[in-house]
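Please open the structure in a viewer and keep the selection tool at hand.

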Amino acid sequence: MKTLRLQHAVAVSLVAVLAVAAPLQANGIKTAKPEEVGLSSERLARIGERMQAYVDSGEIPGAVALIARHGKIAYFEHWGLADREKKVEMKPDTLFRIYSMSKPITSVGLMILHEEGRFQLTDPVAMYLPELAKLEVREEQKNPVTGEVTMHTHPARNPITVRDLLRHTAGFTYGFFGDTDVDRMYRESGILLEDKDLAETITKLGKLPLRFEPGTHWHYSISVDVQGRLIEVLSGKPLDQFLEERIFGPLGMNDTSFAVADKEWNRLAILYSPEGTGTGSDLFLTSTGGKKPLVPADPARADRGYRQGATYFSAGGGLVSSAVDYLQFAQMMLNGGELDGKRILSRKSVELMTTDHLGDIPGLWSPGYGFGLGFAVLEDVGASGALGSAGEFNWGGAAGTRFWVDPKEELIGIYMIQILPHTGLNYGTEFRSFTYQAISD
């Protein structure tokens with residue numbers, strides 16, 4: 001019986017690739033049978049078996065997964081529903097809030113300006129954003145005798161450089177991934193959640209203390225939104241316009257934007273949250289606490305900023321995209337900055353971005369990984385404890401979306417889902433493992 005199920009899954013997988021081949025080829029994207037690019041159809045079928053089981057059990061509403069190797073899509077499948085309540089099927093062109101998968105795109109945008117000589121990576125950010133010229137650091141101090149902890153604020157000793165923004169060593173925080181004194185100040189200021197545009201974010205940020213001394217600690221933060229404002233100042237254009245002209249348009253990423261057109265809104269997957277999770281910034285402080293029943297997230301939270309007419313372009317988490325669109329971006333990076341004759345970056349810039357820039361700087365939470373300019377970079381496969389290759393680079397989004405690019409294997413994996421928060425849920429990690437175990441050459 002198990003053999004029959006596996007044979008059926010293989011057949012379904014092949015049909016799925018063939019079904020989407022025509023429209024993909026119309027967009028210039030090549031497809032191939034798995035064996036043509038060194039992948040096993042039989043082993044790839046394990047992905048569908050596992051994901052469909054999650055859908056059948058109600059653990060996930062639906063998902064989309066895509067694997068490309070040697071420049072061709074060899075696996076492209078979808079399961080379940082994009083909207084459980086309205087019974088809308090998940091499709092290859094379903095749109096997703098990619099949250100922090102926006103970050104690598106923004107970083108590429110900034111590096112385009114670097115190639116044009118608009119700045120140097122070692123430049124203090126305050127050269128271009130004077131609002132950030134007089135930042136202070138707020139740190140805990142513990143009395144060695146009494147153990148009493150007090151807060152001490154002092155002027156930052158190091159200036160924040162552009163490279164600090166790109167590698168998350170600026171000393172900023174987010175405000176909703178922790179509960180320190182500085183995090184609470186961020187939340188009380190309403191930064192990101194209440195700002196009308198990126199300029200207002202920078203004005204607020206200049207009045208808030210840093211959590212760490214610049215250049216001394218990797219800490220996931222608002223720094224990519226600062227990158228977005230830097231792009232606006234250096235280019236003289238709104239961030240959405242710049243990214244459209246310099247990345248989305250040239251790469252044919254027609255479904256990637258900060259706002260979804262009204263006529264395309266039905267393509268946007270519903271955002272789900274485990275029952276009982278918080279709202280607003282509290283959402284990010286809430287653990288999933290295991291696999292709780294999923295319910296639609298509050299539309300006021302899930303859809304904020306995605307309607308046409310929005311003025312806040314979150315460089316660090318505001319884009320909507322599809323699996324195929326993100327493949328265009330990932331393939332450009334794998335190709336060394338070029339896709340279909342359109343060069344976005346030089347090969348040397350791509351190499352610089354996908355090289356570790358942390359060295360001994362502490363803070364990164366992923367064993368075996370370093371961090372480049374906008375991407376996590378796998379340095380030590382053994383230390384990571386997972387299948388992969390040294391030199392692979394990746395990132396993910398808060399609702400469970402993720403991608404990785406493996407130059408050694410000429411492999412790209414993209415996984416799209418909409419569950420927020422996603423803490424403790426490993427569907428994307430499983431997809432990655434199933435992908436690597438299917439390599440057969």
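Select Leu192, which is found in the loop between helix 5 and helix 6; helices here are DSSP runs of H or I with at least four residues, strands are runs of E with at least two, and both are numbered from the N terminus. The model is a predicted one, in which local features need pLDDT of at least 70 and side-chain atom pairs count only at pLDDT 80 or more, whereas totals for chains, interfaces and linings use all residues. Residues are numbered from 1 along each chain as its sequence is written, and side-chain values use heavy atoms, with hydrogens and water left out.

Leu192 has a phi near 75 degrees, a positive value in a residue other than glycine. Is Leu192 buried or exposed? Leu192 is buried, with a relative accessible area of 10%; buried means under 20% relative accessible area, exposed means over 50%, and partly exposed lies in between, with a 1.4 Å probe and protein chains only.

Asp195 is found in the loop between helix 5 (181–189) and helix 6 (198–205). A polar atom of the Asp195 side chain lies 3.0 Å from the backbone nitrogen of Leu192. Which side chain does that of Asp195 join in a polar contact of 2.7 Å? The partner is the side chain of Lys204. A polar contact is a pair of N or O atoms within 3.5 Å; within protein, one must be able to donate a hydrogen and the other to accept it, and residues adjacent in sequence count only if both atoms are side-chain atoms.

Asp195 is buried, at a relative accessible area of 3%. To display its surroundings, select Gly190, Glu200, Thr201, Lys204, Arg304 and Tyr312, which Asp195 touches when residues up to four places away in sequence are not counted. Contact means heavy atoms within 4.5 Å.

**Second stop: His168**

Move to His168, in the loop between helix 4 (162–167) and helix 5. Its phi is near 65 degrees, again a positive value in a residue other than glycine. His168 is buried, with 2% relative accessible area.

Select Ile60, in the loop between helix 2 (41–57) and strand 2 (62–69). Ile60 is buried, at 1% relative accessible area. How many residues along the chain lie between Ile60 and Ile419, whose C-alpha atoms are separated by 8.0 Å? The two are 359 residues apart along the chain. Beyond residues up to four places away in sequence, Ile60 touches Met51, Tyr54, Val55, Arg84, Leu294, Tyr415, Ile417, Ile419 and Tyr427.

Now select Ala399, in the loop between strand 15 (393–396) and strand 16 (402–406). Ala399 counts as buried, with a relative accessibility of 0%. Leaving aside neighbours within four places in sequence, Ala399 is in contact with Tyr99, Leu271, Ile417, Gln418, Ile419, Leu420 and His422.

From Leu420, step to Pro421: the peptide bond from Leu420 to Pro421 is cis, with omega near 0 degrees. Pro421 lies in the loop between strand 17 (411–416) and helix 13 (427–437).

Select Pro362, in the loop between helix 11 (347–353) and strand 13 (369–371). Pro362 is partly exposed, with a relative accessible area of 43%. Neighbours within four places in sequence aside, Pro362 is in contact with Thr216, His217 and Trp218.

**Last stop: the whole chain**

Finally, clear the selection and display the whole chain. The chain has 13 helices and 17 strands, and its C-alpha trace spans about 70 × 50 × 45 Å along its principal axes. Of its 441 residues, 54% count as buried. Among contacts between residues at least 6 apart in sequence, 68% join residues at least 24 apart.
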